[in-house]
Amino acid sequence: MTTPFTIAIDGPAAAGKGTLSRRIADQYGFHHLDTGLIYRATAKALLDAGLPLDDEAMAETMARKVDLAGLDRAVLSKHEIGEAASKVAVMPAVRRTLVEMQRTFSRKEPGTVLDGRDIGTVICPDAPVKIYVSASAEVRAKRRYDEITDAGGSADYQAIFEDVKRRDARDMGRTDSPLRPAEDAHLLDTSEMSIEAAFQAAKSIIDAVLSRNA
Ligand code: C5P
């Protein structure tokens, strides 16, 4: 295998990219970066400082301070932070600032898995494996609903469904690096699949490329 070997996983919110990417990284002994966390960290820095989410210059300053080693998933995974992240993620200055950090990470040996919205299209356009993970908005909302209620929380399915659709519209409709599958991405619709089935499907795609590159 030619190293470093990069696997790009993209897809909309709550499609299961995170869980899938972590399993893939474990399977192959690769480093994993959930790139949503860096947009979330930028948004959180603005929120903590009491700054508006539409100030591009301040958002760029906060993006420059993001430290990959200090990303705390437990803190950053809050719903309001995800919503705020999708607002700062439309800003070209923020995206530009975060590109190099992601590309540097993608070159770690022996390989990496990056998941996000623009990995296959913008950040790692030469990645030998690109997978676009999707599921219907209804299924994604239901998974998020189950996640919250299974953990003992209370949730409103309709509100979650509206959130999912709003986030899709923002991520797919922005001008800079909109969410879309790369032309050479493998499409993986997980609407009717368990996590295990999605993992096995992804593994067959990756193994086929690895055996060609061996
Ligand atoms: O994946 P996650 O929900 O953590 O991402 C939060 C937001 O960050 C997304 O809705 C999207 O707007 C933005 N994002 C992005 N590009 C990435 C990863 C995330 O624009 N590569």
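Because the model is predicted, local features need pLDDT of at least 70 and side-chain atom pairs count only at pLDDT 80 or more, whereas totals for chains, interfaces and linings use all residues. Residues are numbered from 1 along each chain as its sequence is written, and side-chain values use heavy atoms, with hydrogens and water left out.

**Stop one: the ligand and its shell**

Select the ligand and then the 14 residues around it, of which Arg40, Arg95, Arg117, Arg167 and Asp171 come nearest; a residue is near a molecule if one of its heavy atoms lies within 4 Å of it. By class, this shell has 3 nonpolar, 4 polar and 7 charged residues, where Ala, Val, Leu, Ile, Met, Phe, Trp, Tyr, Cys and Pro count as nonpolar, Asp, Glu, Lys and Arg as charged, and the others, Gly among them, as polar.

Next, colour helix H2 (36–48), helix H5 (79–88) and helix H9 (157–173), each of which supplies at least two residues of the shell; H2 gives the largest share, 3 residues. Helices (H or I, at least four residues) and strands (E, at least two) are DSSP runs, numbered from the N terminus.

Now show side chains for the polar contacts, which are pairs of N or O atoms within 3.5 Å; within protein, one atom must be able to donate a hydrogen and the other to accept it, and residues adjacent in sequence count only if both atoms are side-chain atoms. A polar side-chain atom of Arg167 lies 2.8 Å from a ligand oxygen, and an N or O atom in the side chain of Arg174 is 2.9 Å from an oxygen atom of the ligand. Thr35 places a polar side-chain atom 2.9 Å from a ligand nitrogen. The protein covers 95% of the 460 Å² of accessible area that the ligand has on its own, as given by the Shrake-Rupley method with a 1.4 Å probe; for residues, only the protein chains shown count as cover.

**Stop two: the largest pocket**

Where does the ligand sit? The ligand sits in the largest pocket, in the sense that more than half of its atoms lie within 2 Å of the grid points of that pocket. On a 1 Å grid over the protein atoms alone, a pocket is an open set with protein on both sides within 12 Å along at least five of seven lines, a cavity is a set of points where a 1.4 Å probe fits but cannot get out, and lining residues have an atom within 4 Å of a point.

This pocket has a volume of about 1,000 Å³, a volume being the space filled by probe spheres set on the points, with grid points joined across faces, edges and corners. Select its 45 lining residues and look nearest the centre for Ala13, Ala14, Lys17, Arg40 and Arg144. The lining divides into 15 nonpolar, 12 polar and 18 charged residues.

**Stop three: the cavities**

A search of the whole structure finds 2 cavities of 30 Å³ or more. The largest, of about 60 Å³, is lined by Ala13, His79, Glu83, Arg144, Ile160, Asp163, Val164 and Arg167. H9 gives the most to this lining, with 4 residues.

For the second largest cavity, with about 40 Å³ of space, select lining residues including Asp10, Lys130, Tyr132 and Arg180. Strand E4 (129–134) is one of the elements that give two or more residues here, and E4 gives the most, with 3.

**Stop four: two backbone details**

Finally, go to the loop between helix H6 (92–106) and E3, where Pro110 is found; the peptide bond from Glu109 to Pro110 is cis, with omega near 0 degrees. Then return to Ala14, in the loop between E1 and H1, which has a positive phi of about 65 degrees although it is not a glycine.
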